Amino acid sequence: MAASAPLHALGSGDPGFDAYVQSLWPKAQAKGVSRATFDRVTAGLSYNARVVALDRDNLGSPPSPNTPIPAFAPYKAKHVDAARIGGGRRVHDRLLPLLSRIEARTGVPTSIMIAIFGHETAYGQVTGNFDLPEALATLAYEGRRRSLFEPEFLATLQMVERGVPRQVLKGSWAGAFGYPQFLPSVYLEVAEDGDGDGRANIWSSEADAIESIGAYLRRAGWRAGQPWGVAVRVPEGFNRARVASKLQATRCPRVFERHSRWRSMAEWRADGIVPAGGRWPADHVQATLLEPDGPGKTAYLLTGNYRAILDYNCSNFYALSVGLLADEIDR
C-alpha cells in the first residue's frame, strides 16, 4: 500500500512542515517545475532541527557598532597557510592549460579562481553533506529568514527540472553546494560548462567549477589586467581623517566602513604610501585603503577587483585571504 502512495503523501511526521512544503507547489509550478519533479524532490523531506540550530548559532546576536573587530593576522595565518598554498600550487599547475583558457574568457587571473576554490572547499575536499532541499525547506519553514531560503528551495526544484540529478544536491546547512559553494539561485544564474560536455557539474567537475567562479567574478565587475590590491606601508603621521569615506554602505556596512575613500594610486604614493612588496599598480588605478590590524601594521590598497571578491563573500578577512593566497600561488 505504501509503495503505491503518491510521493508527496510520504510525510516527515511534522504536519506543519509537510503542509508548508506542499503549499509551495503553486510557486514551484509558476517557475516551470513539473508535478513529477516536485513530488520526487519533496518525497520524504523532514524538518531538520540540526540545521535550525546551526542557523541560530551562526546568526547569534548582531554585533554592536562598538564591538571590537578582531585582528586579521590570526585569520591570515590559518587561511593562507602552507597546506592551502601548496595545495593551490599543485592544483594550479595540474590545471594550467584549462585555467589559461578560462582566464582568457573571463579576464580573471588563474590564481584568483584557484584561491577561491581553495577557500570554499579545500580544493573540492569539503563540500558539505546536508541534503539541500531538506535544509532549505527547513530554514524556510522555520521562518526567520524565509525571504532568503524559500526562493533557494524553489531554485533546487528548478535545478532538478533542468536535469541536475537529485542525489547530487548535497552541501552546507545553509544551502551552498558544489566546489564553488554556490547557492541554488546562483547556480541557475551563473554556472557554466567548462569542460565542454554540455553540463555545468560544479559538484564533480573542476573545470565547470572554476569556469563558474570566473564567470561569477566577471559578472561582479572584475577588470582584466588590474590586481586585487597591494600590501603597503603607511607613513607615521599619516592623516587618516583626510581620506575617510563619507559614503554610507547599505550592504555589509561593517565591511565597507573600514575602507577609505577612493583615490588614485598616484595620489596615495604622493602621500608617502609605499608598496610592501609586489608590483605597484598603474597611477590611474583607483583604490581604497584598509588597515585590518590598525596603524603601524601591514595595510592594503584595494582596487575594484577586491570588491568583486567581496561580492562572492562580503568579509574583509575572506577577500584579503583570497587575494593573498592567490599571490602565494603565483610565486
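Rings of Phe, Tyr and Trp (its six-membered ring) are taken to pair if their centres lie within 6.5 Å, and planes under 30 degrees apart count as stacked, over 60 as edge-to-face and the rest as tilted. On that basis, a search of the whole structure finds 19 aromatic pairs. The model is predicted, so local features need pLDDT of at least 70 and side-chain atom pairs count only at pLDDT 80 or more, while totals for chains, interfaces and linings use all residues. Side-chain values use heavy atoms, leaving out hydrogens and water, and residues are numbered from 1 along each chain as its sequence is written.

**Tyr47 and Tyr141**
- The ring centres of Tyr47 and Tyr141 are 5.8 Å apart with planes at 85°, so this pair is edge-to-face.
- Tyr47 lies in the loop between helix H3 (35-42) and helix H4 (49-59), and Tyr141 in helix H9 (residues 132-142), so the pair ties together parts 94 residues apart in sequence; helices here are DSSP runs (H or I, at least four residues), numbered from the N terminus.
- Together with Phe17 and Tyr20, these two tyrosines, Tyr47 and Tyr141, form one aromatic cluster.

**Tyr187 and Trp203**
- The rings of Tyr187 and Trp203 have centres 6.1 Å apart and planes at 40°, so the pair is tilted.
- Tyr187 belongs to helix H11 (residues 184-190), whereas Trp203 is in the loop between H11 and helix H12 (206-219), 16 residues apart.
- Both Tyr187 and Trp203 are buried, meaning under 20% relative accessible area with a 1.4 Å probe and protein chains only.

Technical notes
Helices (H or I, at least four residues) and strands (E, at least two) are DSSP runs, numbered from the N terminus. Buried means under 20% relative accessible area, exposed over 50%, partly exposed in between (1.4 Å probe, protein chains only).
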